[in-house]
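Here is a short briefing on some side chains and what they meet. Look at the structure first, then read the points.

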Amino acid sequence: MVEIRIVNRGRQPLPQYATAGSAGMDLRADIDEPIVLRPLERRLIPTGLFIALPEGYEAQVRPRSGLALKHGLTVLNAPGTIDADYRGEVGVVLVNLSQEDFTIRAGERIAQMVIARCEQAQFCVVETLDETERGAGGYGHTGVI
């Protein structure tokens, strides 16, 4: 288990895992009054949380499946990435993809945050790449849906 330093300047409880097998922790809206998201509208929703991730880790902000299925609400830049050297407030960019208004209330669970290891890469310029069975076949090239 990795330890993450966190400052909570909001009024909501700290994120926590709902079950022993949960990959993500719910993030809650830390707002003073309800926010109405109109169809196709997007907003940055504050959480009141500030984190310091260890080097070699990222936090991914992902949609909550229930909000996506039932209300068409999703994280616009999913997954949003919080870098290890970022020290600003964790915000969630939500978009309403439904045809109805959606009201976000204080304390509402609006997204989930997954902590993941990440590697930095170094490119090595070459003239050719090795051959594979797939080769340059792109989207849908196998014909399997």
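A polar atom of the Thr47 side chain lies 3.2 Å from the backbone nitrogen of Leu49, and the backbone oxygen of Val90 lies 2.6 Å from a polar atom of that side chain. The model is predicted, so local features need pLDDT of at least 70 and side-chain atom pairs count only at pLDDT 80 or more, while totals for chains, interfaces and linings use all residues. Residues are numbered from 1 along each chain as its sequence is written, and side-chain values use heavy atoms, with hydrogens and water left out.

**Thr47**
- Thr47 is part of strand 4, residues 42–52 (a strand is a DSSP run of E, at least two residues, numbered from the N terminus).
- Thr47 is buried because its relative accessibility is 2% (buried means under 20% relative accessible area, exposed over 50%, partly exposed in between, with a 1.4 Å probe and protein chains only).

**Salt bridges**
- The count is 5 salt bridges (a side-chain nitrogen of Lys or Arg within 4 Å of a carboxyl oxygen of Asp or Glu).
- Arg11 forms one with Asp30, with the closest N and O atoms 3.8 Å apart.
- Arg11 also forms a salt bridge with Asp32, at 2.9 Å from N to O.
- Arg11 is exposed at 52% relative accessibility, whereas Asp30 is buried at 10%.
- Asp26 and Arg109 form another salt bridge, their closest N and O atoms being 3.0 Å apart.
- Salt bridges with shared partners join Arg11, Asp30 and Asp32 into one network.

Definitions and conventions
Helices (H or I, at least four residues) and strands (E, at least two) are DSSP runs, numbered from the N terminus. A polar contact is a pair of N or O atoms within 3.5 Å; within protein, one must be able to donate a hydrogen and the other to accept it, and residues adjacent in sequence count only if both atoms are side-chain atoms.
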